[in-house]
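Visitor: Can you walk me through this one? Start with any term I'll need.

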Amino acid sequence: MNPADIPGGQLVSTDAAARMILSGRALRIAGEESALRKLPKGLWIGGSIPYFMTTDGGLCCQERVYVAELPAFCGVPSIGSYDVDSISGIACDAPENGFSVLIVPAFTDVHERFARDAPEFEQMYERPLVGWVSGLHLDDLSDHKPVVVMGPTGEFFDDQAVAMHVPLSDQYMASVELVNLFQPGDGPVIQFDESGFGATQAFVDGQAVNLVSYLQDNQIDTRLPLVADYCGAAINVSFQTVDHDSGNVTFYAPVFAGVEYRLAAPLDSYADALVQEAEALESAGTAFCCNCILNYLYGELEGRTAGHLNGPMTFGEIAYQLVNQTLVRLRVEQV
Amino acid sequence: MNFDVVERLLDVPSPWIVHDVSMDPARRRVEVSIGQARKGWFGARRTIQRHDGHHKVWQHQSIGDLACYIRVDFARGSALPDAAWCGDAKSPFSRSLSQQVVSLMGEGVSLGSIASLLQLEPEVLWQFQHALDQGSLSKISTGNNSATNKQPDQAETDGIPGPSNPIWDRLLTGQHSIDTRNLAFQLLLSRLKRQYVKSSDAEIRRLKVQELRRYCERNRNSAGNEIGQIQEAAQ
């Protein structure tokens with residue numbers, strides 16, 4: 001099979017998804033927990049999320065599930081679960097040649113540990129790792145928990161991650177790509193003295209400031225992320241909340257001490273930039289794709305088509321480490 | 001107990017002395033206590049200055065199948081001796097054990113194997129690696145046994161420059177840059193650069209070089225472009 005012919009994922013009924021599982025195919029499935037609970041055991045992993053980008057446009061759907069099949073040229077995958085301790089070995093479990101797909105439930109200890117420590121995990125960056133953070137309908141945040149599913153056992157976890165490790169023969173090679181709308185702006189350098197999902201103080205061009213006051217005084221649009229330059233790769237950290245009462249700012253991914261951030265350069269139109277970027281992408285060879293719920297919301301993607309790349313719109317994207325407001329895809333090509 | 005022999009085995013210099021050795025067979029551990037001899041106490045050779053109980057404990061190399069811990073009593077704020085049995089204030093391990101762990105890491109031995117080989121708690125080993133990566137350990141080498149005193153290793157591996165080739169230092173200090181769109185390489189190099197410039201310890205810097213080299217060795221296909229540029233710059 002030519003990697004250019006990898007079938008894209010599709011939004012299907014739970015009956016259709018069940019038939020695909022029972023046919024023995026290796027699948028990754030995204031959908032509302034209630035829909036995932038209708039699926040039989042089999043060779044699949046899943047996570048909860050009701051937001052998707054499809055060929056018909058962005059949509060929120062709680063009845064159907066998004067199913068992506070492993071390309072036929074992949075070897076038989078192994079599937080495992082990871083808790084807050086064992087997640088540090090995720091990269092060591094990857095095949096010598098191949099890739100891994102990880103799904104982590106949002107707002108959990110394993111989510112926090114992965115977000116904070118993944119760059120230091122053993123053998124991280126040596127084998128392609130992609131994935132996403134499972135979430136919820138935004139109306140359900142206060143009374144439900146995101147889950148992930150281990151298909152072979154039918155177990156649902158709200159405190160562990162699941163991963164599918166996929167071997168490839170030597171003819172093929174997988175690589176991870178980011179599609180990021182944002183570039184660092186020309187504003188001051190922002191740094192933090194501690195790594196974490198929240199901060200009260202930051203250093204702006206070396207001067208200590210109260211971050212909430214700084215954002216307010218400078219009328220910063222917090223729909224735009226902080227962007228860091230990692231040797232040419234722009235990595236975003238998105239703002240989650242700016243709490244004037246507590247004086248605390250929280251983020252959807254951790255900021256790291258010692259990393260230089262800048263606020264993203266503003267876009268003329270978030271929605272147009274997103275569609276333009278997505279439509280310019282070739283879908284050939286894409287074996288995995290996910291995008292960010294914030295791109296869905298801020299880019300007003302509901303009901304709007306954007307390119308050929310489909311997948312879940314998630315609470316965090318994984319490209320080796322956790323990233324925000326970014327489209328992540330894994331490409332497979334012949335060596 | 002013949003404390004003089006233990007002092008000689010551990011190479012404990014005056015005014016430091018070994019004043020106690022206790023064994024806990026149930027926990028399979030031995031603890032060697034070291035302090036500074038108390039002056040003017042004739043006939044009480046093993047009396048030490050207590051410093052209000054201020055002390056630090058480091059895990060040292062095992063003795064047989066007994067885990068060995070070194071307790072050192074010292075004055076708050078005072079400098080610790082540059083000795084193999086001592087450690088960095090933030091390290092769980094003595095310098096000697098730290099160097100052994102770092103050396104095995106540099107060889108690419110997995111953390112699980114290191115823990116098993118040296119009888120270390122996996123969680124403690126992870127914390128040590130985390131501290132190394134965060135640059136919070138200021139010094140793990142002793143003056144007599146740093147990487148700079150070792151024989152230089154110029155060996156290339158299938159065209160990848162040897163660990164002591166200056167290209168690695170130039171890459172990790174930002175004096176030389178690579179044109180790359182390989183996300184894994186970008187993220188790894190970015191992390192290693194931060195850690196490399198943060199540490200002045202030769203052993204830790206050597207470990208970072210080995211990590212980058214190992215990535216190149218294991219990813220010849222996907223990092224072919226980057227390896228080519230490194231080879232060219234190393235000429």
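Guide: A crossing is left-handed if the near helix is turned anticlockwise from the far one by less than a right angle, and right-handed if clockwise. Helices (H or I, at least four residues) and strands (E, at least two) are DSSP runs, numbered from the N terminus.

Guide: This is a predicted model: local features need pLDDT of at least 70, side-chain atom pairs count only at pLDDT 80 or more, and totals for chains, interfaces and linings use all residues. Residues are numbered from 1 along each chain as its sequence is written, and chains are lettered from A and ligands numbered from 1 in the order in which they are written.

Visitor: Which handedness does the crossing of α3(B) and α4(B) have?

Guide: Right-handed. α3(B) covers residues 111-118.

Visitor: At what angle do they pack?

Guide: About 120°, with the axes 10 Å apart. Axes are lines fitted to C-alpha atoms, for helices over the stretch in contact, and angles run from 0 to 180 degrees between N-to-C directions. α3(B) and α4(B) are therefore oblique to each other. Angles under 35 degrees count as roughly parallel, over 145 as roughly antiparallel, 65 to 115 as roughly perpendicular and the rest as oblique.

Visitor: Which residues meet there?

Guide: On α3(B), Leu111(B), Gly112(B), Ile114(B) and Ala115(B). On α4(B), Pro122(B), Leu125(B), Trp126(B) and Gln129(B). Contact means C-beta atoms, placed from the backbone, within 7 Å.

Visitor: New topic. What are the domains of chain B?

Guide: Domain 1 is 3-145 and domain 2 is 152-234. These bounds come from an automatic or database domain assignment. Their centres, over C-alpha atoms, are 32 Å apart.

Visitor: How many residues touch?

Guide: 11 of domain 1 contact 11 of domain 2. On the domain 1 side, α2(B) gives the most, with four residues.

Terms used
Contact = placed C-beta atoms within 7 Å.
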